Amino acid sequence: MPDAVPPPLSMADAQRAVTAELNRIAPVIDDLGERFAQAGHELALVGGPVRDAMLGRQHNDLDFTTSARPEQTEALLKGWADAIWDMGRAFGTIGCRKGEWQVEITTYRSEAYDPDSRKPTVDFGDSLAGDLGRRDFTVNAMAVRVPGRELEDPYGGVVDLAERVLRTPGRPEDSFSDDPLRMMRAARFAAQLGFGVDPAVVAAMTAMAARIEIISAERVRDELVKLVCAPYPRVGLRLLVDTGLAALVLPELPALALERDEHHRHKDVYEHTLTVLEQAIDLEPRLPGGGPDFVTRFAALMHDVGKPRTRRFVDDGTVTFHHHDVVGAKMTRKRMKALRFSNDETDAVAKLVELHLRFHGYGTGEWTDSAVRRYVRDAADQLERLHVVTRADCTTRNQRKADRLRRTYDDLEERIARLSEQEELDSIRPDLDGNQIMEILGIGPGREVGEAYRHLLELRMDRGPMSEAEARDALLEWAAGRG
Ligand code: ATP
Ligand code: MG
């Protein structure tokens, strides 16, 4: 499947789109531009909002750059904004809200980077051109001065936008040496915008990939999350793999490109994985929150990472990947921990990886009700996502086989719905609680109460709900059987 990207854009379209967007945000830019100009300061809309305006996308988050120092910006915002915040003051940024608009105003910067440190040292600059020159890509290095609305585009961002290509304002080697995170950002914007990447940028990324190691795991993670949640993740992931960046930040992904054995006994797991990811994205509307859903997407990406390690060639000419689900879940945990993901996100993704194969034991519907209940219990709060990941994990070219799998999964979901109606499956508890167990058996707290509880839970799984009297009988029977 080719990497899907949007059609090219004409310069005239870009011009029209930006005019329309500037008119829409006129209440903010005219007013604010006037205020800064009267105080003798320059102000310009910059970066994402300018780029996205040309692409016909609306923003209510407006980024500006200014000659004013943060305290001057703050003074000018007082009496205009509804609320002001200054967490970014050390980096020159003052933020505010005005009605439905979120505004961030950053003083011109001319950053000096220490090549071996993880953080830029901030130096304020004195010109818009200088500020634009230190930005990551030409399409992000455009500004519209306000209130006059003159476009500043010293690096040819408009042309690159029309040609849909990411280029750096200066030499890419210098840019990535100043801030290696920009290599991740190249992949992220490729995935968000569906743009191509200038060959010189790709070459620099390939040559300098190792420099990514000086960037903190958190910053790498944030770019990776944006990439995975973008409309064209396949484009960005491919770029990470082809440049060698993925080998450093997500090595499980390039490892999926298994060399084939001479008999071609298995599918290309890497291509399969990218397709599963895209199919999962297509199924996101089934999720309660719609999409984009990072956990679902990342689980789709990681579902087979256990395969390379578990591959065995069998004498009868087949290949097996026994326990790649369990091994893959462990590898997923390890990677997400290294990337400093939260425990909740890590647990969720690892659970989906671990359970992604379970449905294949369902055959053509042979599961007992008990097996269905266990599926629901084990998936717990990840059930909806598990439906999506499992459905997406079918990339056969055999249409009849694909249809059959889909119908079988429909059948499983119907059975879950029926059972859940009968039993409120979501809150499965034994029919007796600990106090009742102690009372019936005439025992105090201890190990036996726990064992009895688990026994009743198993019974409930197998048989469905029991009345209190039935549960009481079952408990006594169990106790008698133990002597
Ligand atoms: P988004 O819609 O995702 O917010 P954005 O373009 O606003 O896209 P941000 O990460 O918010 O992206 O950055 C805002 C702007 O700041 C960018 O457009 C770019 O001009 C500049 N920028 C941000 N990070 C860097 C960086 N590491 N190096 C150079 N320029 C950067
Ligand atoms: Mg932004």
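These notebook entries cover salt bridges in a predicted model.

I worked on a predicted model, so local features need pLDDT of at least 70 and side-chain atom pairs pLDDT 80 or more, while totals for chains, interfaces and linings use all residues. Residues are numbered from 1 along each chain as its sequence is written, and side-chain values use heavy atoms, without hydrogens and water.

**Search.** I looked for salt bridges (a side-chain nitrogen of Lys or Arg within 4 Å of a carboxyl oxygen of Asp or Glu). The whole structure returned 42.

**Arg-145 and Glu-42.** I found these side chains in a salt bridge, 3.4 Å from N to O. Arg-145 sits in strand S6 (143-146) and Glu-42 in the loop between helix H2 (26-38) and strand S1 (43-46), so the bridge ties parts 103 residues apart in sequence. Helices (H or I, at least four residues) and strands (E, at least two) are DSSP runs, numbered from the N terminus. I then checked burial: buried is under 20% relative accessible area, exposed over 50%, partly exposed in between (1.4 Å probe, protein chains only). Arg-145 is partly exposed at 22%. Glu-42 is partly exposed at 33%.

**Arg-234 and Glu-271.** Their closest N and O atoms are 3.1 Å apart in a salt bridge. Arg-234 belongs to helix H11 (233-243) and Glu-271 to helix H13 (269-283), 37 residues apart. Arg-234 is buried at 2%; Glu-271 is partly exposed at 28%.

**Arg-297 and Glu-284.** I read 2.8 Å, N to O, for this salt bridge. Arg-297 is in helix H14 (294-302), and Glu-284 is in the loop between H13 and H14. Arg-297 is buried at 4%. Glu-284 is buried, with 4% relative accessible area.

**Network.** I also noted Asp-136, Arg-185, Arg-188 and Glu-223, joined into one network by salt bridges that share partners.

Notes
Chains are lettered from A and ligands numbered from 1 in the order in which they are written.
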